[in-house]
Amino acid sequence: MSSPTLRAVKGMNDILPDEVGRWQHLEQAFRGWFERLGFREVRTPQVEPTSLFVRSIGEATDVVEKEMYSFRHHDEELTLRPEGTAGAARAYIEHQVKEKSPVSRWYYLGPMFRGERPARGRYRQFHQAGCEVYGDPGPVVDAELIDALVGFLQSVGLQGIEVALSSLGGPGARARYRDALVEYFRPHAASLSEDSLRRLETNPLRILDSKDPGDQALVAGAPSIQEQLDGEDRAHFEQLRRHLDALGTPYQIDPRLVRGLDYYTRTLFEIRGNGGELGAQNAVCGGGRYDRMIEELGGRPTPCIGFALGMERLLLATPAVSMPTAPLVFLAPLGERAQSECLLLARELRSRGVEARVEGRGQKLKAVLARASDARASHCVILGEGELDRGLVALKDLRAQSQQELPRAQLVEHLCSQLHLPLPEPRH
Ligand code: HAM
């Protein structure tokens, strides 16, 4: 019986070497941009205790109810992280970071896992780049973060950037809003989807992000959280808006903006884009303030704000850029003695910043030269027994289609000057 063909898990993608260049470019751009704002990288595990996500993201959310990859290992209930904020907060508490520095700025990059229905821009393993600020109640930092994020997205070529902004207020506003939603939805209970009907009792806010078309029609007429904000929430939001206005950062107030995670308080935002191959999944980035999470997870009260952007969505939306690559030289040894010599030469060339490939498979020179020009190599070093005996190498310039012989000892210097590479530092 033949075994079934092995394939990647549905919704989880391979990223092949041809595509990785664009990922690295974006990752480097992200690191550079946010390190200039004082963010430092944190790396936390991809597996966390399930209870961490239940307690932070919220029990009655789509992510926790339907999308988590959870499993039991020995006696532990574990989950592949569906997002990065909860794990970073757990690490922040566990390592008592607040004791050492009252304000911290962290960023992370890496895979996240949600068992959603796969579509273009929506995957089961996807990658986020995110930032979290701990210990700063805003709203100055809120404006700084949103402005920096818009600047970053522009710098990597995202088109049609729209910032949707809202404030969810503090716990008081949330409780009042909850009541207002129950009052609004209860008379329509018979028309609500099964999930939303259940959430009317457990978590009415989550009805607002229901994807059911019937629910969505009702949601359009639902009361807005803005009406429930107290004086301090309102002042916080207005100051944030004034800072954004002063920075000239465009945004639209979206009073029904809700994001599928329960931990948000006050500032909430989502950034959408268009262009490229980005289709319906146009939310490139989402974030907000979560002033109560650290305390709810057992840490000392710490106001926080952060965001995460979806790398796949950003890549779909932004143009391909041509990546600078190291100059490339092929080495073609003809015979075994020449193979060792070519390995030595390649090592020297690489130490000078050249990508060097030794073709040691004993093929015909013609085939090696064809492959070298396919790979856009600038030169091919040819080393046969004859050249070896005379201490020479043959150097073919693939761009000029010329060939010359030169002493082996001069080869590396000669190539470096041809390729405009800096001369080595003199040794002392
Ligand atoms: P989120 O809105 O759930 O927020 O995800 C942030 C971004 O991750 C989305 O805007 C989207 O670009 C990308 N994303 C989410 N799910 C998928 C998926 N299934 N496939 C592809 N991309 C996806 C968070 O995760 C919060 N932790 C953000 C945050 C950080 N809030 C405060 N700090």
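## What α13 packs against

The buried residues of α13 pack against quite a list: β12 (328–333), β13 (355–358), β14 (379–383), α15 (385–390), β15 (392–397) and α16 (411–418). Helices here are DSSP runs of H or I with at least four residues, strands are runs of E with at least two, and both are numbered from the N terminus. Buried means under 20% relative accessible area, exposed means over 50%, and partly exposed is in between (1.4 Å probe, protein chains only).

A word on the ground rules: this is a predicted model, where local features need pLDDT of at least 70 and side-chain atom pairs count only at pLDDT 80 or more, while totals for chains, interfaces and linings use all residues. Residues are numbered from 1 along each chain as its sequence is written, and side-chain values use heavy atoms, with hydrogens and water left out.

Which residues of α13 are buried? They are Ala 338, Glu 341, Cys 342, Leu 345, Ala 346 and Leu 349. These cover an arc of only 145° around the axis, so they sit on the same side of α13; the arc is taken from the directions from the helix axis to the C-beta atoms. On the other side, Glu 336, Leu 343, Arg 347 and Ser 351 are exposed.

Helix α13 has 16 residues (336–351) and should span 22 Å at 1.5 Å a residue, which agrees with the 23 Å between its end C-alpha atoms. The expected span is 1.5 Å times one less than the number of residues. Just after α13, Gly 353 takes a positive phi of about 95°.

## Crossing α16

The axes of α13 and α16 come within 10 Å and cross at roughly 40°. Axes are lines fitted to C-alpha atoms, for helices over the stretch in contact, with angles from 0 to 180 degrees between N-to-C directions. The two helices are therefore oblique to each other: under 35 degrees counts as roughly parallel, over 145 as roughly antiparallel, 65 to 115 as roughly perpendicular, and the rest as oblique.

Contact (heavy atoms within 4.5 Å) is made by Leu 345, Glu 348 and Leu 349 of α13 with Leu 411, Val 412 and Leu 415 of α16.

## Trp 33

Elsewhere, Trp 33 lies in helix α1 (residues 17–35) and counts as partly exposed because its relative accessibility is 24%. Its C-alpha atom is separated by 6.8 Å from that of Phe 152, 119 residues apart along the chain.
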